[in-house]
Structures are given as C-alpha cells and as structure tokens.
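Please read the following report alongside the sequence and the coordinates.

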Amino acid sequence: MTRPKGLDKHLRRLNQLSGNEVRKIAGAAVFEASDDIRVEAFRSISAGAVSGAGHVASRPGEPPNRDTGDLQAGLENLQTGPLSAEVRANAPHSAPLEFSTSKMAARPFMRPARDKKLPDAQKRLADQLDKLVKRSG
C-alpha cells in the first residue's frame, strides 16, 4: 500500500494542533470572549440609563437601567480552567433582574450579552486556530 502524498506534513500539523500551543491559544480566546461578554453586559446596563433621582426602571425584557452602579461594578470575568472562563454578576439583585421574581419580570443583561458576542467568540477562536495551522504548514 502506498502512502498518500503529503501524509507526513499533515500528521505533523495534526500533532501540533493537539499540543500545548493550541490549548494556550484556545484558552486565551475563551477568556477574551468572556471579557467581551462582560463589557457588552456593562454597556447594555448603561445604554439610555439615568442614575440617581431621575432614575427610571427599564421595561420588562430590556436590560436594567443603571441606578447606583453596583450591578455593573459586580460584573467580572474569570479564567476557571485552561479552556474555560466565566462571567459573573455579583450584585445581590443580579439574579432577580436576569431571571425575574414573583413580583418583577426579568430584565436580562447577561444572556443577551452572551448571545450577541457568541459569533464573535467563535470567529476569534477559528481565526486563531487557522493561523496556527497555517504556521505549522
């Protein structure tokens, strides 16, 4: 049986893609994506908001309007593993705003931010891996 042309080169590329460099690139892309989601959630809370005495609550289904700023101050992203990251909203009223209560409809800000930034995150990871494959060739 004859070896397919270019097999050795292809095997070298595959071997490189399973190494530490790909984990490092993917981990960085995941963390950057989590930060993009944090920034988008922060931005959505600020958009059109009036803080202080003139504060007007957002409508159900819209991101909460900034009031005291503690919701935004509690947003953080963390690298939770080599290939994982989390975006957290640490203010006590984050979950009720995101998911609703028996007395208040949801004002989601994290899920819409995630959904908006997911395509960018996927493209970033694909682009970074594509660069690695081309470099290994």
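The model is predicted: local features need pLDDT of at least 70, side-chain atom pairs count only at pLDDT 80 or more, and totals for chains, interfaces and linings use all residues. Residues are numbered from 1 along each chain as its sequence is written, and side-chain values use heavy atoms, with hydrogens and water left out.

The largest nonpolar core has ten residues: I37, A41, I45, L71, L75, A91, L97, F109, M110 and A113. Such a core is a set of buried Ala, Val, Leu, Ile, Met, Phe, Trp, Tyr and Cys residues joined through side-chain atoms within 4.5 Å. Buried means under 20% relative accessible area, exposed over 50%, and partly exposed in between (1.4 Å probe, protein chains only). Two or more residues come from each of helix 2 (20–46) and helix 5 (110–136), and helix 2 gives the most, with three residues. Helices (H or I, at least four residues) and strands (E, at least two) are DSSP runs numbered from the N terminus.

Beyond its neighbours within four places in sequence, L75 is in contact (heavy atoms within 4.5 Å) with R38, A41, F42, I45, R88, A89, F109 and M110.

The two strands below pair in the antiparallel sense over six bridges; pairing requires that DSSP finds at least two bridges between them.

| Strand | Residues |
|---|---|
| Strand 1 | residues 75–81 |
| Strand 2 | residues 84–89 |

A hairpin joins strand 1 to strand 2 through two residues. N77 stands opposite V87 in strand 2.

V133 lies in helix 5 and counts as partly exposed because its relative accessibility is 23%. The C-alpha atoms of V133 and V22 are separated by 9.7 Å, with the two residues 111 residues apart along the chain.
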